[in-house]
Amino acid sequence: MKILKPINGIGKKNGVYLTQEFGNVWIATQDMVLGGISIKKGDNVYKVAFKMDGHNGEDYAAPHREPAIVVHDGFADFYGDGSKGYGYNARLTWTDISGYTYECVYGHLDKHTEIPREVKAGEVIGWIDNSGFSTDTHLHFGIRKLLNGTVVDYDNGYFGYFNPQPFYKKETSQVVYKELNKPVLYFPVGSVLIPFATDYTSYLEDFADAVVVELPASEFKKFKVANKLKVKL
Ligand SMILES: [Zn+2]
């Protein structure tokens, strides 16, 4: 089973990054009330609020109304009045040839007006917000599986949810172009090359998996002509 990541551009786009991994424990640093639940300093928030050993999914910080992405072809359903737990949330389900049904939850979304529907991997399933048991705008993404209607490993301390990390498809690397001995990097967008970075070193720190294609001036010219690429200035 392989899935896409639930947001595009994690770690590469402004404000889109992983904030909480699966299994993280959250110890309250002060007494607080979250989602109507009183939590004392020193308590494991997940234990008190949800009877779980730790965080049962991944949290991704994102700007308000950043799209959440369908991770696998399946069926989308929508739940919640926005006030508690996952807030307004979407569920994505599909059944694979081994008979397991996978169920993904997308929590803390903006109020949903969508109707249940068949969806394809890569489509938008909802918009990220701060509804439910949440302290700031983020997406909660969780995954578990069922067999014959029963959650597999329900008593694992996370109600059957497991770490999605090993199941993500490797993202294809961003390919960027550069003319030898020139500082500017170009992003291909359709038939246009967009210049977007003149600081090669700091670019590579942010985009560690990028593939930089560096061509001598004459080759760069040929490459542009062959691919009918224009350079936008
Ligand atoms: Zn979460």
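How many of the 10 residues of helix 3 (residues 217-226) are buried?

**Entry 1: conventions.** I worked on a predicted model, in which local features need pLDDT of at least 70 and side-chain atom pairs count only at pLDDT 80 or more, while totals for chains, interfaces and linings use all residues. Residues are numbered from 1 along each chain as its sequence is written.

**Entry 2: helix 3.** I took helices (H or I, at least four residues) and strands (E, at least two) as DSSP runs, numbered from the N terminus. I called a residue buried if 20 or more other C-beta atoms lie within 10 Å of its own, exposed if 12 or fewer, and partly exposed in between, with C-beta atoms placed from the backbone. On that basis the count of buried residues in helix 3 is 1, and the helix is hardly covered. I then looked past helix 3 and found lysine 228, whose phi is positive, near 50 degrees.

**Entry 3: positive phi elsewhere.** I kept in mind that most residues other than glycine have a negative phi. Histidine 108, not a glycine, has a positive phi of about 65 degrees. I located histidine 108 in strand 8 (residues 101-109). Histidine 108 counts as buried because it has 27 C-beta neighbours inside 10 Å.

Asparagine 181 also has a positive phi of about 65 degrees and is not a glycine. I placed asparagine 181 in the loop between strand 13 (175-179) and strand 14 (185-189). Is asparagine 181 buried or exposed? It counts as exposed, because it has 8 C-beta neighbours inside 10 Å.

**Entry 4: pairing of strand 13.** I counted two strands as paired if DSSP finds at least two bridges between them. Strand 13 pairs with strand 14 in the antiparallel sense over 2 bridges, and tyrosine 177 stands opposite tyrosine 186 in strand 14. The two strands form a hairpin with 5 residues between them, and asparagine 181 is in the turn. Strand 13 also runs parallel to strand 16 (residues 211-215), joined by 5 bridges. There I noted glutamate 179 opposite leucine 215.

**Entry 5: lysine 170.** I found lysine 170 in the loop between strand 12 (150-151) and strand 13. Lysine 170 counts as exposed, because 7 C-beta neighbours lie inside 10 Å. Its C-alpha atom is separated by 8.4 Å from that of leucine 4, 166 residues apart along the chain.

**Entry 6: domains.** I used bounds from an automatic or database domain assignment. The protein is divided into domain 1 (17-22 + 57-167) and domain 2 (175-225). I recorded 36 Å between the C-alpha centres of domain 1 and domain 2.
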